[in-house]
Amino acid sequence: MANVKGVLTPAVAIVHRGKGRYGVGEVIQLSVTVTPLGALAAVLADGVKWKLKSGVAGRLSLVNTAAGTATLTLGSTGGDMGLEVWSEAALPAKLTTVNIKVVAPNGVIFRKVPGSTIAHVQYAAHAGFIAEADIEPIGVSFANVEVREGKFKAVAAGAFAHENGVEHPFGPWLGIACVPLTGVNHWLANDRVESSHGVARTDAMGAAVLDEQGRPMFGPSSFEWNIPWHYRVVGEIDNGTIFVYMVHKQTVEVTGRVTIKKHTSESCAANYSDPTTGFGLPPNYP
């Protein structure tokens with residue numbers, strides 16, 4: 001009796017892919033193997049058809065019953081999916097079942113670009129940096145997924161009180177590149193993370209409050225956005241699905257030293273009197 005097995009060949013061949021795990025939006029070629037080898041012609045002669053049986057959504061195309069092949073495009077929702085292979089003989093029969101796990105983005109590794117500068121405007125309570133991001137988890141491909149930042153109103157006080165309620169806008173939809181050797185999914189964008197200019201303290205008459213050296217003084221201050229990140233499969237036109245919230249936070253010390261951090265990045269800081277520097281990337285940065 002012939003033994004039929006389903007074969008799944010994803011478009012992105014990740015070296016250390018988790019068994020039976022595929023990212024939302026992945027495109028997978030479906031085929032069959034038959035043992036003993038001599039039984040292949042007889043099995044295909046009746047016609048072999050792939051079917052979506054259960055679980056999350058996907059789409060079958062290019063179904064070829066004479067070859068036992070099809071193309072599966074996964075949808076935008078993570079979860080379990082059941083596939084079946086059927087004989088198209090006069091009396092149809094199920095030949096085999098394949099169960100897979102469809103994985104959606106669930107986090108971001110966010111970091112200052114190594115070797116990049118910390119931006120600052122001299123004699124201002126200000127700092128910023130350029131960041132890059134990897135979409136988690138690794139081990140599946142999100143090459144057919146795009147990501148953007150969403151809206152959130154700031155909560156700010158002290159030197160940043162003038163920014164309280166300022167809304168972080170929607171960003172553009174940007175793609176992802178999957179590295180087959182590592183299974184890392186790199187967001188195809190750099191994020192410019194920057195504080196507003198903190199306002200120094202003033203007295204009742206509106207004059208600047210100065211220290212003994214004549215420098216402006218700042219009160220306890222903070223600014224925070226809790227920014228939603230959305231993903232969607234390329235080709236969709238909706239607002240996508242929120243998969244993580246990323247806190248952008250900045251504080252000011254009494255001396256005007258600003259510290260700024262976003263999500264998992266390191267904390268970056270600049271002193272009030274530090275020289276002016278721009279948002280510089282290291283040489284040969286891709």
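**Figure 1. Tyr123, an exposed residue with a positive phi.** Tyr123 is exposed because its relative accessible area is 54% (exposed means over 50%, buried under 20% and partly exposed in between, with a 1.4 Å probe and protein chains only). Tyr123 lies in the loop between strand 9 and strand 10; strands (E, at least two residues) and helices (H or I, at least four) are DSSP runs, numbered from the N terminus. Phi of Tyr123 is about 60°, a positive value, although the residue is not a glycine. The model is predicted, so local features need pLDDT of at least 70 and side-chain atom pairs count only at pLDDT 80 or more, while totals for chains, interfaces and linings use all residues. Residues are numbered from 1 along each chain as its sequence is written, and side-chain values use heavy atoms, leaving out hydrogens and water.

Figure 2. Leu62 counts as exposed because its relative accessibility is 68%.

Figure 3. Pro36 lies in the loop between strand 3 (27-35) and helix 1 (40-45). Pro137 is in the loop between strand 10 (128-136) and strand 11 (145-149).

**Figure 4. Aromatic pairs, including Phe110 with Trp229.** Rings of Phe, Tyr and Trp (its six-membered ring) pair if their centres lie within 6.5 Å; planes under 30 degrees apart count as stacked, over 60 as edge-to-face and the rest as tilted. By this rule there are 6 aromatic pairs. The ring centres of Phe110 and Trp229 are 6.4 Å apart and the planes stand at 90°, so this pair is edge-to-face. The pair links distant parts of the chain, with Phe110 in strand 9 (residues 107-112) and Trp229 in strand 18 (residues 221-233), 119 residues apart. Phe110 and Trp229 are both buried. For Phe223 and Trp225 the centres are 4.9 Å apart and the planes are at 80°, so this pair is edge-to-face. Phe223 and Trp225 are buried. Phe110, Trp187 and Trp229 form one aromatic cluster.

**Figure 5. Arg232, a buried residue of strand 18.** Arg232 counts as buried because its relative accessibility is 12%. Beyond its neighbours within four places in sequence, Arg232 has contacts (heavy atoms within 4.5 Å) with residues including Asn144, Glu146, Trp173 and Asp238. From C-alpha to C-alpha, Arg232 and Phe110 are 19 Å apart in space, and they are 122 residues apart in sequence.

**Figure 6. Thr255, a partly exposed loop residue.** The loop that holds Thr255 runs between strand 19 (241-252) and strand 20 (258-262). Thr255 counts as partly exposed because its relative accessibility is 49%. Apart from neighbours within four places in sequence, Thr255 is in contact with Phe218 and Tyr272. Thr255 and Tyr231 are 24 residues apart in sequence, and their C-alpha atoms are 40 Å apart.
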